[in-house]
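Reader: I have a structure to study for class. Could we go through it together, one topic at a time?

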Amino acid sequence: MDIALLGGTGDIGEGLALRWANDTDHTVIIGSRDVEKAEAAAEEYEAALGDSDSEATVDGRTNEEAASRADVVVTAVPAYHLTDTVEAVAEQLGDAILVSPAVGMKHDEDGFHYNRPGVGSVTELAAKAAPEDTPVVGAFHNLAAGRLADLEAELDWDTIVVGDDRDAKATVSELAEGIDGLRALDGGPLANAAEVEGLTPLLINVARHNDGLHDLGVQFH
Ligand SMILES: NC(=O)c1ccc[n+]([C@@H]2O[C@H](COP(=O)([O-])OP(=O)(O)OC[C@H]3O[C@@H](n4cnc5c(N)ncnc54)[C@H](OP(=O)(O)O)[C@@H]3O)[C@@H](O)[C@H]2O)c1
């Protein structure tokens, strides 16, 4: 499959790009608002893959070009910029599946808190911004980017996948499980996305308050 990571120059984009390039045969395309930034990130990721004895290549493109070439488009951008980012690539999406890992959070002296948008969740915000016939799936919300990007690190994580289109959800679950140490769990329809997104600030708060814990993920037994 061809996977585009919009804003793939950032933290979660880097982690997912490295894992898919290293662990699978999928084609990874880094998207950015700035093509030179995308090309520089792609070069940097190839160097990191090389350090890990992988000969995988990664492509850098504008977000629009990346979306136009992909079967699956991941919106790896801050929640506040999600709507603009989806609208910017709407005409290029074609038959692609749109995947949102984005979580809205606010931060105060007590810690991180889930910032639930009026439509219910950030994933539903992506669905609202996407063309009507584009299947939208929520996944990867609770993965810690730093650990993903460390190819030496074992994951042993679950990722909860939500969506209303069964086929799209199955495709994204398969892509998730292509990453070594990641298990995809069905979290039900898009309407359940808020509960999944709300776990992310919890993981960050627990890591901050417990020595030796960082880059936490979840695993269900
Ligand atoms: N970091 C994590 O551990 C983690 C884990 C799970 C989920 N997430 C979610 O994944 C999303 C991305 O997180 P991140 O930590 O990777 O974010 P980030 O590094 O801060 O940003 C990712 C990319 O977003 C693009 N961007 C920044 N401002 C933008 C704007 N105004 N309009 C359009 N694009 C813009 C930038 O790409 P260009 O400048 O190249 O366009 C940037 O490299 C967030 O919604 C976050 O909640 C993050």
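Predicted model: local features only at pLDDT ≥ 70, side-chain atom pairs only at ≥ 80, totals over all residues.

Reader: Let's start with the ligand. Where does the ligand sit?

Author: The ligand is located in the largest pocket.

Reader: How many residues surround the ligand, and which are the closest?

Author: There are 22 residues around the ligand, and the closest are Thr 9, Ser 32, Lys 37, Val 77 and Leu 143.

Reader: Which polar side-chain atom lies 2.5 Å from an oxygen atom of the ligand?

Author: That atom belongs to Ser 32. Arg 33 also has a polar side-chain atom 2.8 Å from a ligand oxygen. In the side chain of Lys 37, an N or O atom is 2.6 Å from an oxygen atom of the ligand.

Reader: And how much of the ligand's accessible area does the protein cover?

Author: On its own, the ligand has 890 Å² of accessible area, and the protein covers 77% of it.

Reader: New topic: helix 5. Which of its residues are buried?

Author: Helix 5 spans residues 122–129, and its buried residues are Val 122, Thr 123, Glu 124, Ala 126 and Ala 129.

Reader: What covers the buried residues of helix 5?

Author: The cover includes two helices, helix 4 (82–89) and helix 8 (193–197). Strand 5 (97–100), strand 7 (111–114) and strand 8 (136–138) are also among the covering elements.

Reader: Now Asp 158. Where is it found?

Author: Asp 158 belongs to strand 9, which runs over residues 157–163.

Reader: Why does Asp 158 count as buried?

Author: Asp 158 counts as buried because its relative accessibility is 1%, and the limit for buried is under 20%.

Reader: What does the side chain of Asp 158 reach?

Author: The side chain of Asp 158 reaches the backbone nitrogen of Phe 220, at 2.5 Å. Leaving out residues up to four places away in sequence, Asp 158 touches Leu 143, Leu 182, Arg 183, Leu 185, Val 218, Gln 219 and Phe 220.

Reader: Last one: what is the place of Glu 64?

Author: Glu 64 lies in helix 3, residues 63–69. Glu 64 is partly exposed because its relative accessible area is 32%, which falls between the 20% and 50% limits.

Reader: Which residues is Glu 64 in contact with, leaving aside neighbours within four places in sequence?

Author: Those residues are Ala 88, Val 89 and Gln 92.

Methods
Residues numbered from 1 in each chain as written. Heavy atoms only, no water. Helix = DSSP H or I, 4+ residues; strand = E, 2+ residues; numbered from the N terminus. Buried < 20%, exposed > 50% of the residue type's maximum accessible area, 1.4 Å probe, protein only. Contact = heavy atoms within 4.5 Å. Near = heavy atom within 4 Å. Polar contact = N/O pair within 3.5 Å; in protein donor to acceptor, adjacent residues only side chain to side chain. Areas by Shrake-Rupley, 256 points an atom, 1.4 Å probe, with all protein chains shown as cover. 1 Å grid on protein atoms, 1.4 Å probe; cavity = no way out; pocket = protein on both sides within 12 Å on 5 of 7 lines; lining within 4 Å. Sits in = over half its atoms within 2 Å of the grid points.
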